[in-house]
Amino acid sequence: MSVRFKLSFIFLCCCIFHLSVNAQNKADITVNFDKKISEMKPIWAWFGYDEPNYTYMKDGQKLLTDISKLSPVPVYVRAHNLLTSGDGTPALKWGSTNVYTEDKKGNPVYNWTIVDRIFDTYIKRGMKPLAQIGFMPEALSTKPQPYQHKWKPGTRYEEILTGWAYPPKDYKKWGNLAYEWVKHCVERYGKKEVESWYWEVWNEADGAYWKGTQAEFFKLYDYAADGVKRALPTAKIGGANVTGGGSRYLDAFIKHCLVDTNYATGKTGSPLDAVLFHAKGSPKVVNGLVVMNLRTELRNVEANYKVINKYPQIKNIPVIIGEFDPEGCAACGMATNPENAYRNGTMYSSYTAASFARLYQLTDQYNINLLGAVSWSFEFENQPWFAGFRDLATNSVNKPVLNVFKMLGMMSGNRVETTSNQMYPLQTVLDSSIRKPSSDIGVLAAKSQNTATVMIWNYHDEDKKGNIDKVSISLKGLDRKSITVTRYLIDDKNSNSYEAWKKMGSPQSPTSSQIFELKKSSELKSVGNPIKFNPNQGPFQFELSRQGVTLLSIK
């Protein structure tokens with residue numbers, strides 16, 4: 001064989017390999033609208049954040065309004081630091097309300113001004129608190145100094161762990177604080193309103209946030225729960241909001257609530273109206289590329305579901321995933337944590353679509369009464385534009401990820417049966433995440449009386465853009481010869497403020513006209529005009545780029 005022939009042969013092989021690697025995938029999807037799976041529960045309509053004082057600030061109020069409008073049901077909001085001492089000045093991973101101080105004789109002094117302002121902001125928008133009883137007021141802490149931390153992204157995370165993380169010096173005063181708070185809320189908002197809330201004690205007591213023992217946390221919970229129930233016997237309270245890897249701790253907590261002696265009352269057991277835990281993914285930078293890990297987040301869920309199902313006494317108990325996110329630190333931007341570079345664009349939005357769809361599947365498999373999964377992502381006031389925080393908006397401009405929640409807000413009725421030849425099976429995701437060469441082109445669908453919706457995403461753990469793939473959807477069981485299809489789309493060209501900002505040259509001081517354009521580009525866009533379509537004459541077809549998410553709204 002001549003050298004020229006060998007080189008030609010090698011070149012040809014390389015071309016064939018290149019074409020095969022970059023060839024379009026074809027997703028063949030079938031939606032059976034007449035085959036109901038379960039109610040399309042809005043488990044996504046729960047949000048949370050560390051910094052409660054952002055709630056009533058300019059951008060915080062705007063984002064809360066946007067969130068409340070996208071959901072067909074009241075949105076629940078969870079915030080840290082609702083009992084932390086301070087003057088209300090916000091900072092990253094910090095907030096304060098100063099609800100509890102003591103006079104010179106050690107008598108409690110209650111001041112509800114700031115925490116009322118936070119809850120008023122929610123109630124005004126039809127939202128509801130997932131009210132966290134924490135953290136420890138300075139006057140109650142067994143180790144109050146130092147108290148307010150000065151943490152910044154890039155510094156040691158442990159620096160946030162100051163006097164607020166310690167047990168109370170007096171558990172009766174702690175329980176009475178919970179009592180007085182709930183009593184005040186009933187007086188301010190009414191018994192019926194507060195009965196619709198959920199209360200929970202502390203955050204991740206199995207991790208860094210609690211500087212006491214497990215027994216001391218159970219005591220903390222018992223006294224707080226007793227205070228809540230004394231103020232409003234019909235109030236709903238639960239725990240323990242353990243870390244993603246805290247299933248053993250959750251097991252011990254549930255056992256305590258069921259059979260142990262209550263530290264506050266001396267009776268058997270403690271109130272448990274909901275079980276809460278966290279689930280987090282773990283992205284990494286591999287060869288300069290961000291690689292997500294959906295497997296880790298879902299396995300956190302599965303481990304805690306298995307614990308809950310061990311106890312027949314709490315069968316069908318409401319379950320709330322107190323934080324459900326791609327990773328841990330919302331306030332750690334991409335400048336200090338390059339693995340978080342996924343957060344501004346379509347990687348975050350497509351991951352969110354794929355993760356919530358799998359959460360529905362996993363919940364069905366374990367027959368769990370899941371009420372909600374809190375996306376620990378809000379906004380960070382007066383920070384650089386698109387700094388890579390895990391947030392839903394930057395400087396009042398919504399990010400692409402918020403449009404996924406808008407899509408989910410349009411889905412109602414019952415979830416129905418779907419199949420896709422390009423969707424990774426749930427067990428594969430639990431075993432090895434989404435790491436094969438082909439991307440995950442998945443589907444979630446719902447049907448109500450006169451409308452139907454189909455969400456499709458094109459996701460892969462590797463944060464890179466790929467070819468535009470073909471999608472063919474057979475819409476079965478609609479019993480209609482003519483339907484109207486409106487298609488909404490999130491990709492590089494649609495519903496994407498980040499790409500619009502980059503095209504402007506990534507300005508850190510955009511003009512008012514640029515901000516107007518950014519807000520316009522952030523809105524959820526439909527593609528073209530609504531289409532009249534006969535589902536009996538073949539599949540509905542379109543193309544979807546990698547990291548794209550689309551929703552078909554059918555009438």
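Predicted model: local features only at pLDDT ≥ 70, side-chain atom pairs only at ≥ 80, totals over all residues.

Student: What makes β3 and β6 a pair?

Tutor: Two strands pair if there are at least two bridges between them. β3 and β6 have two bridges, so they count as a pair. In one of these contacts, Tyr 76 has Lys 128 in β6 as its bridge partner.

Student: And what lies across β2, β3 and β6?

Tutor: Helix α3 (residues 113-124) does, and it runs at about 155 degrees to β6. Helix α7 (residues 247-259) packs on the sheet too, touching β8 (237-242) and β9 (274-280). The direction of α7 makes about 155 degrees with that of β8.

Student: What is the strand order in the open sheet?

Tutor: There are eight strands, in the order β2-β3-β6-β7-β8-β9-β12-β13, and the pairing is parallel.

Student: Why are β2 and β13 said to stand at the edges?

Tutor: Because β2 (46-49) and β13 (370-373) each have a single partner strand, one side of each is left without a neighbour in the sheet. From one strand to the next, the twist averages 25 degrees.

Student: How do you know that Cys 329 and Cys 332 are joined by a disulfide?

Tutor: The cut-off is a pair of cysteine sulfur atoms within 2.5 Å. For Cys 329 and Cys 332 the S to S distance is 2.1 Å, so the pair passes. A search of the whole structure finds one disulfide. The link of Cys 329 and Cys 332 is right-handed, with 75 degrees about the S-S bond, and both cysteines are buried.

Student: How many residues of α9 are buried?

Tutor: In α9, 18 of its 21 residues are buried, so this helix is mostly covered.

Student: What span is expected for α9, and how far does the helix reach?

Tutor: Helix α9 (residues 346-366) has 21 residues, and at 1.5 Å a residue the expected span is 30 Å. From its first C-alpha to its last, α9 reaches 30 Å, close to that expected value.

Student: What comes just after α9?

Tutor: Asn 367, which takes a positive phi of about 55 degrees.

Conventions
Residues numbered from 1 in each chain as written. Heavy atoms only, no water. Helix = DSSP H or I, 4+ residues; strand = E, 2+ residues; numbered from the N terminus. Expected span 1.5 Å × (residues − 1). Buried < 20%, exposed > 50% of the residue type's maximum accessible area, 1.4 Å probe, protein only. Axes fitted to C-alpha atoms, helices over the stretch in contact; angles between N-to-C directions. Contact = heavy atoms within 4.5 Å.
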